Amino acid sequence: PVLEITVLRFIGATLLHAIASGLIGFYWMKGKLIKGLAIATFLHAGFNYLILQLPGAEIYASSILIIAGLFLFYDFDLIKRIRK
């Protein structure tokens, strides 16, 4: 179980930082950097809370990141469509 939890947290943390960076970049591009920083900080804090405070919540934290990543892909897709 220790190895499984370690791998899940490693993948979750990597995905978290990629999504947080994407959010900051997306809102920076829109001229709303502070909003992007706030959302990325909230996402990071929520992820950390789930994995550190609630035993067995790694799967919920990872699910939230996957959903956030899908929304981020959608947002960038909208930007690409507008710029064409």
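Start with the rings: a search of the whole structure turns up two aromatic pairs. Here a pair means Phe, Tyr or Trp rings (for Trp, the six-membered one) with centres within 6.5 Å, called stacked if the planes are under 30 degrees apart, edge-to-face if over 60 and tilted for the rest.

Select Phe26 and Tyr27. Their ring centres sit 5.2 Å apart with the planes at 85 degrees, so this pair is edge-to-face. Phe26 is in helix 1 and Phe76 in helix 3, so the pair ties together parts 50 residues apart in sequence. (Helices are DSSP runs of H or I with at least four residues, numbered from the N terminus.) Phe26, Tyr27 and Phe76 make up one aromatic cluster.

Before moving on, a word on the model. It is a predicted one, where local features need pLDDT of at least 70 and side-chain atom pairs count only at pLDDT 80 or more, while totals for chains, interfaces and linings use all residues. Residues are numbered from 1 along each chain as its sequence is written, and side-chain values use heavy atoms, leaving out hydrogens and water.

Phe26 is buried at 4%, and Tyr27 is buried at 12%. Phe76, at 31%, counts as partly exposed.

Next stop, the largest nonpolar core: buried Ala, Val, Leu, Ile, Met, Phe, Trp, Tyr and Cys residues joined through side-chain atoms within 4.5 Å. Of its 15 residues, select Ile19, Leu23, Leu43, Phe47 and Leu65, which touch the most other members. Helix 1 (2-29), helix 2 (33-53) and helix 3 (58-83) each provide at least two residues of this core.

Which residues does Phe47 touch, not counting those up to four places away in sequence? Show Gly12, Ala13, Leu16, Ala61, Ser62 and Leu65; contact means heavy atoms within 4.5 Å.

Hop along to Ser62, in helix 3. Is Ser62 buried or exposed? Ser62 counts as buried, at 12% relative accessibility. Beyond its neighbours within four places in sequence, Ser62 is in contact with Leu8, Gly12 and Phe47.

Last, select Val7 in helix 1, which is partly exposed at 40% relative accessibility.

Terms used. Buried < 20%, exposed > 50% of the residue type's maximum accessible area, 1.4 Å probe, protein only.
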